[in-house]
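The points after the display are grouped by topic.

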Amino acid sequence: MPAQKEDDESGHNVPTKATSNGTMCANGTLGTEGPEAPETDSSGTGRMRKPLERNGSTQNHVVHLERRLGLFSGVALIVGTMIGSGIFVSPSGLLVRTGSVGVSFIIWLACGVLSLLGALAYAELGTMNTSSGAEWAYFMDAYGPAPAFLFSWVSTLVLKPSQMAIICLSFAQYAVEAFVTECDPPRGVVKMVALVAIVMILFVNCYSVNLGMAVQNVFTAAKLVAVVVVICGGAWKLMQGNTQHLSNAFNGPMPNVGAIATAFYTGLWAYDGWNNLNYVTEEIKNPSKNLPRSIIIGIPLVTLCYALINISYLAAMSPQEMIESEAVAVTFGNRILGALAWLMPLSVTISTFGSANGTLFAAGRLCFAASREGHLLDILSYVHVRRLTPAPGLIFHSLIASAMVLHGTIDSLIDFFSFTAWIFYGGAMLALIVMRYTKPNYPRPYKVPIIIPVVVLVISVYLVAAPIFETPRVEYLYALLFIFAGLIFYVPFVKLGMTPRFMNKVTLFFQLLLEVVPTSSMAMFE
């Protein structure tokens, strides 16, 4: 059947093709993948629904994002991104904010359960819409372009770069400490090492998707070995009878509501990354099965590791010693490993490097997806002609992360990240609930009980509101103002479609410099 064209929602002609079952789908739909194929909309009119996926890259394009991530790589991306610096830094911060070993341990487990529930809800969203971009794609489907733009605006300029900056600063801190024993590592040296790490990770991910995932798989395996070493060391101390810090776990006053919320921020930072697989769904093999399976395997594994690591820490040192230690894992290694104590700084650097690699891998796909829809610069949606990697998006994120490394600190970045991120996580839960009613016939290869997104939504509202009411800070106002400031750019450049004349020349310059093209530029190669 010859190719035809249909008008998309923006008035552009979108080429369509005949699928194997005789239905018509536009470029970007996954017409041959069963549940991901386009279905009639929920209005009952029989019209083809117009999902975000149709603007994606498909195998009909010479240049496209290939499906190269299987179940093992999916689990490795989740585990490798979640287990970063948090578990080696956050235990002390969580104890400070709760003042109780028992309460802090409960919050660690609660953070794991909350992450799992959120990820399961994301699994439904990710199998409904298998486009890359995670929250951005789901906001487009549920709310329309304006909220989706605000998410891409904040996430691209702040959330993802700050996340990578935090991880790379932690990597550099531990890497430099291995060579500086008698004083604190120089701040300038730490920042330079963090910048070198960003450049290395950028090169890996621009060079090849396979290389990026190979690095992720290897570093995930290495960090799990380090986790096992910590757990075995703690078990050895427990067998020697060092249980005094665990037996009086609930001694001390209960923290107030605001302190619990900020303690959750600290714990949830260690778990962040549970949604990163949703950013790369266009590259997952059989996403309807491998996306939820990766989540169900990966997040409980991380939760179990975190619980056992915290028990191990308390078997080797007191809560006060944990609070006073700036590097809990290093202090633990000095107590347990003796001459092999150097393994702990090495393990942390391996862990954080792998986490930063997974973070950039996912962040570049958000740039790619949002730019493809016209919400960011066009060049950010282009793909390298030979390596099939979204190089411009990766480079853009790395540049912003580098600027944050030079001018930010770990603590300030974590608080801003956590507060802002949970606004959008709650928005994604609301999107799922809304689409249960607005798109009841939308294909759902994987479906969660409606109580799950409702619970996560309520908790996210609490996490955002409690710190504001308990300890108001001007930073929270700045975060909200920055989110809505995106409308200043949305109205002229997205809603009205205004484009400065010089942008075409800028796009062409970077296209030639980086050897990248749009995913739909098939005619260039025919």
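Leaving aside its neighbours within four places in sequence, Thr359 is in contact with Thr81, Lys160, Gln163, Met164, Ile167 and Asn276. The model is predicted. Thr359 is found in helix H13, which covers residues 343–372. Thr359 counts as buried because its relative accessibility is 1%, and the cut-off for buried is under 20%.

**Helix H4**

- Helix H4 covers residues 135–142, and eight of its eight residues are buried, so the helix is largely enclosed by the rest of the structure.
- The buried residues of H4 are Glu135, Trp136, Ala137, Tyr138, Phe139, Met140, Asp141 and Ala142.
- After H4 comes Gly144, which has a positive phi near 105 degrees.

**Packing of H5 with H17**

- Helix H5 (residues 145–177) packs with helix H17 (residues 474–495) at an angle of about 120 degrees, and their axes are 9 Å apart.
- H5 and H17 cross in a right-handed way.
- On the H5 side, the contact is made by Pro145, Ala146, Phe149, Leu150, Trp153, Val154, Leu157 and Val158.
- On the H17 side, the contact is made by Phe482, Ile483, Phe484, Ala485, Gly486, Leu487, Phe489, Tyr490 and Val494.
- Sorted by class, the residues in this contact of H5 with H17 are 16 nonpolar, one polar and no charged.
- As a general point, an α-helix has 3.6 residues a turn, so residues three or four places apart point the same way.

**Salt bridge of Glu124 with Arg436**

- The structure holds four salt bridges.
- One of them joins Glu124 and Arg436, whose closest N and O atoms are 2.8 Å apart.
- This pair links distant parts of the chain, with Glu124 in helix H3 (residues 101–128) and Arg436 in helix H15 (residues 410–438), 312 residues apart.
- Glu124 counts as buried because its relative accessibility is 0%.
- Arg436 also counts as buried, at 16% relative accessibility.
- Glu124 and Arg436 belong to a network of salt bridges that also includes Arg444.

**Salt bridge of Arg335 with Glu321**

- The side chains of Arg335 and Glu321 form a salt bridge, with an N to O distance of 2.8 Å.
- Arg335 lies in helix H12 (residues 328–336) and Glu321 in helix H11 (residues 319–324), so to speak of sequence, the two are 14 residues apart and link distant parts of the chain.
- Arg335 has a relative accessible area of 40%, which means that it is partly exposed.
- Glu321, at 30% relative accessibility, counts as partly exposed.

**Salt bridge of Arg386 with Glu515**

- Arg386 and Glu515 form a salt bridge in which the closest N and O atoms are 2.8 Å apart.
- The two residues are 129 apart and link distant parts of the chain.
- Arg386 is in the loop between strand E4 (383–384) and helix H14 (391–407).
- Glu515 is in the loop between helix H18 (502–514) and strand E5 (516–517).
- Arg386 counts as exposed because its relative accessibility is 55%, and the cut-off for exposed is over 50%.
- Glu515 is partly exposed, with a relative accessible area of 37%.

Technical notes. Residues are numbered from 1 along each chain as its sequence is written. This is a predicted model: local features need pLDDT of at least 70, side-chain atom pairs count only at pLDDT 80 or more; totals for chains, interfaces and linings use all residues. Side-chain values use heavy atoms; hydrogens and water are left out. Axes are lines fitted to C-alpha atoms, for helices over the stretch in contact, and angles run from 0 to 180 degrees between N-to-C directions. Helices (H or I, at least four residues) and strands (E, at least two) are DSSP runs, numbered from the N terminus. A crossing is left-handed if the near helix is turned anticlockwise from the far one by less than a right angle, and right-handed if clockwise. Contact means heavy atoms within 4.5 Å. Ala, Val, Leu, Ile, Met, Phe, Trp, Tyr, Cys and Pro count as nonpolar, Asp, Glu, Lys and Arg as charged, and the others, Gly among them, as polar. Buried means under 20% relative accessible area, exposed over 50%, partly exposed in between (1.4 Å probe, protein chains only).
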